[in-house]
Structures are given as C-alpha cells and as structure tokens.
Amino acid sequence: MFYFRIKYYCLRIAMLVPTRILQITTVFVTVTTTYHFKMLFVNFIELYDIFEHKTNGPVSISVIEKLQSWNLLARDCVLKCKNGHYLKLYPDVRSLDGFGWRCRAPINKQKNKCDYYQSIRVDTFFHKSHLSLYQIVSFAYLWLENVSLSFIVKQIKIAQHTAVDWSSFHREVVFEAMITNHNKIGGVGQVVEIDESKFGRRKYNRGHRVDGQWIFGGVQRETGDCFLIPVEKRDKDTLLTAINDWILPGTTIISDCWKSYQCLEDEVFVHLTVNHSIQFKNPETGAHTNTVEGMWRHAKASLSQYSRKKRFYGGYLAKFMFLKRCRILNIEPLTEFFKLAGELYDPKAIQENNLLVSDDEASSETDENDEDL
Ligand SMILES: [Zn+2]
C-alpha cells in the first residue's frame, strides 16, 4: 500500500516536472515494488522455478549458487583438502547432485595431483540424506508454513519416518537459535508481561490421556519480543532463574499475584501486579497482562496440531518464537531459517573442528605411547 501511495505522489509531482524525469521515477518505483515483494514472499511455485522444475537428480550451477547465497553450501575456496589446498566446485556426473568438491593442486615436482574429492553435502544441512536438494528445501518451506507432516509427505513424496526425522532437524535449528543462543528481552523503561500457562491439558478426550506441560513465558510490550520455555515446577527458584536468564535488569515486569513472583521487588526489576481473581487491570497502577494472554492464545493454536509429547515442547515453542520474530522484523522465514541452518551446519567450522579433534587425538595417542615408553 505504501508503495502505491508513493506512486500516486510521483504522479502528482509529475504535473510539475518534465516527462522524462517522471518516466525514470515511475520505473524506479515499479522495480523496487516488484523487488520488495519478491524478497518477502518466496512461494512454493517460485521454489520449483528456482530448481528449474527438476525435483530430483543433478542440479545446474545456478541452483548451487542459490544454495550458496542461502548459506546452505560453502563457496569456492573456503573448504580445504587433507593437504591444506582450497577446494573448488567441479561438475561430477556420478554424484547425486551433479557437483563435487575437488582438489587438483600439484603435490610434488613430478606434477602429481592431489586428486582429493568430497561430496558437496559433507557437513552441511544436507549431510547423509538420500532426499534431493529440492525435497529438502521444499520441506523447510512447508514446515515453516505450519502445514501438517502428512501434507508434506504427500506434496514432496517422502516417507513418513523421513518427514519425522527432518522435522526434528528443523526444530533443532530453531531451538539452537531461539533458546540455546537467545538474547534477553526488556531493559530499563521497557515493560515485560510474564505468566505461566499449562499446555496440552486434555485428559479424557477419546481415551487419549495427555499430560499437561507448564510453560513459562514473557512478552515485551513495546516490541512483541517474547520467550516461552517449558518448566517442570512453578516454584520461586525455577521462575526466578528463568526471569534472570531471559529478562534484562531494570525491566518493569508485570505479573499476576502468584506467590513465586513476590521476591521480584528484591531483585533488579520494577514489579507491578494484577490480582486476576478479582480484576483484569490493577486500578492503581493500570497494570494488565493482556499482551501475554494474547501470546498464549496464539501459541496454543499454533501448537494444537502437534503431538503433545513433553520432550518436543522446547522445539515447537522455539519454532513459534522464530516465526513471531520473523513477523516482528518483517523478514522472510525461509531465508532466515537457512541462515540459521547454515550457522549450525557450517562445513568450514565443522572441518576446522574435526582437524582440531584429530590433532588432539594424535597428540593423546603420542602421549599414551610416551607413557608406555
Ligand atoms: Zn589438495
């Protein structure tokens, strides 16, 4: 809408400026408008176009370059062979994807070549999978769209157990980014509403007994930044540890009158309360927890389709947080997800780490030998 408004004003200004300038401005606005929408929405059809309508087998170099731009594959001259030369991408008709990493550097004066080879998938997000690159990228797209696994199974033609495995790899990526390496929310002058809610409490529904899971969560009013984490208990120690772990000092925290929160004023926070048994809003301070209650509604609706196994909650909540963050920052979930996957499965970092480990193993072996001597 914003762009159309700009277009409209361009036309208004055009009454006053020469025609040529008008043409240039309109073309510029049209190009940026198209580019803007392309950036925001990669849809399923466009993915199919990116893969040049080949859902299986070797891909073209432009597909490889796209995967490199998404951070899913390393670029030329980043990875090294065992002799320390940089690897380059070469077409390889025998490989699954049509390309491989190769080193042909000379290794002696007789001009013998290094002749090292490795698959482009080694240590990447695609490592050891028998699925095509298209199937894996499409899985990510559909998974982020929150469609059911049974739908994904039908659309990209994979086995049920493969879909379950890939769902778990995807949860691992968002869990690492949103929970393991999380940022704190709030800060001085900022308001964070906190609350706990029981998820999955559905005891006698058609004979399925589902145990509930307590989730502790908070949301920053100004930005919508949030956290949701499973907690085993709702005692003072558990909740205070979570609060200190997720909320910056100096934040104004609003909660209900749950006794575990009574200590918050002794901490580095400003604490306001609402007594939910008698009111929705504290008449003296105006404190309310409408934002966090809205978050529970959305989170519960988004998690309702999943199995309620307790050990999966962390991953599902991380996915909810990830998609919410993408909405707040207006970033495309697919490319953002690939960026995170590329950070978790970074072939260069994994290769360097493996080298360190093998050095350690080599030195410990020597140590053992020394011991024997
Ligand atoms: Zn080499």
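## Strands, sheets and helix packing

In strand 3, S119 is the residue that stands opposite G100. Strand 3 pairs with strand 2 (residues 99-103) in the antiparallel sense over 4 bridges, where two strands are said to pair if DSSP finds at least two bridges between them. The words strand and helix refer to DSSP runs numbered from the N terminus, a helix being H or I over at least four residues and a strand being E over at least two.

This is a predicted model, in which local features need pLDDT of at least 70 and side-chain atom pairs count only at pLDDT 80 or more, while totals for chains, interfaces and linings use all residues. Residues are numbered from 1 along each chain as its sequence is written.

Another open sheet is formed by 5 strands in the order 8-7-4-9-10, and its pairing is mixed. Its edges are strand 8 (226-230) and strand 10 (270-274), each of which has a single partner strand, so one side of each is left without a neighbour in the sheet. Here the twist averages 25 degrees from one strand to the next.

Strand 4 (residues 191-199) and strand 7 (residues 213-220) run antiparallel and are joined by 8 bridges, and F199 has Q213 of strand 7 as its bridge partner. Helix 9 (residues 290-303) packs on the sheet, where it touches strand 4, strand 7 and strand 8, and its direction makes about 40 degrees with that of strand 4. Strand 7 also pairs with strand 8 in the antiparallel sense, over 5 bridges, and within this pairing I215 has P230 of strand 8 as its bridge partner. The hairpin of strand 7 and strand 8 has 5 residues between the strands, and G224 takes a positive phi near 85 degrees there. Helix 10 lies across strand 7 and strand 8, running at about 175 degrees to strand 8.

Leaving aside neighbours within four places in sequence, D195 is in contact with G217, S255, D256, T289 and V292, a contact meaning that the C-beta atoms of two residues, placed from the backbone, lie within 7 Å. The C-alpha atoms of D195 and F216 are separated by 6.1 Å, although these residues are 21 apart along the chain.

**Two helix pairs**

Two packed helices are described by the angle between their axes and the distance between the axes.

| Helix pair | Angle | Axis distance |
|---|---|---|
| Helix 7 (residues 160-180) and helix 10 (residues 313-329) | about 70 degrees | 8 Å |
| Helix 5 (residues 133-144) and helix 11 (residues 333-344) | about 120 degrees | 10 Å |

The contact of helix 7 with helix 10 is made by residues including R171, F175 and M178 of helix 7 and G314, K319 and F322 of helix 10. For helix 5 and helix 11, the contact is made by A140, Y141 and L144 of helix 5 and P333, L334 and F337 of helix 11.

**The protein as a whole**

The protein has 12 helices and 10 strands, and buried residues make up 27% of its 373 residues. Among contacts between residues at least 6 apart in sequence, 53% join residues at least 24 apart.

Note on methods
Axes are lines fitted to C-alpha atoms, for helices over the stretch in contact, and angles run from 0 to 180 degrees between N-to-C directions. A residue is buried if 20 or more other C-beta atoms lie within 10 Å of its own, exposed if 12 or fewer, and partly exposed in between; C-beta atoms are placed from the backbone.
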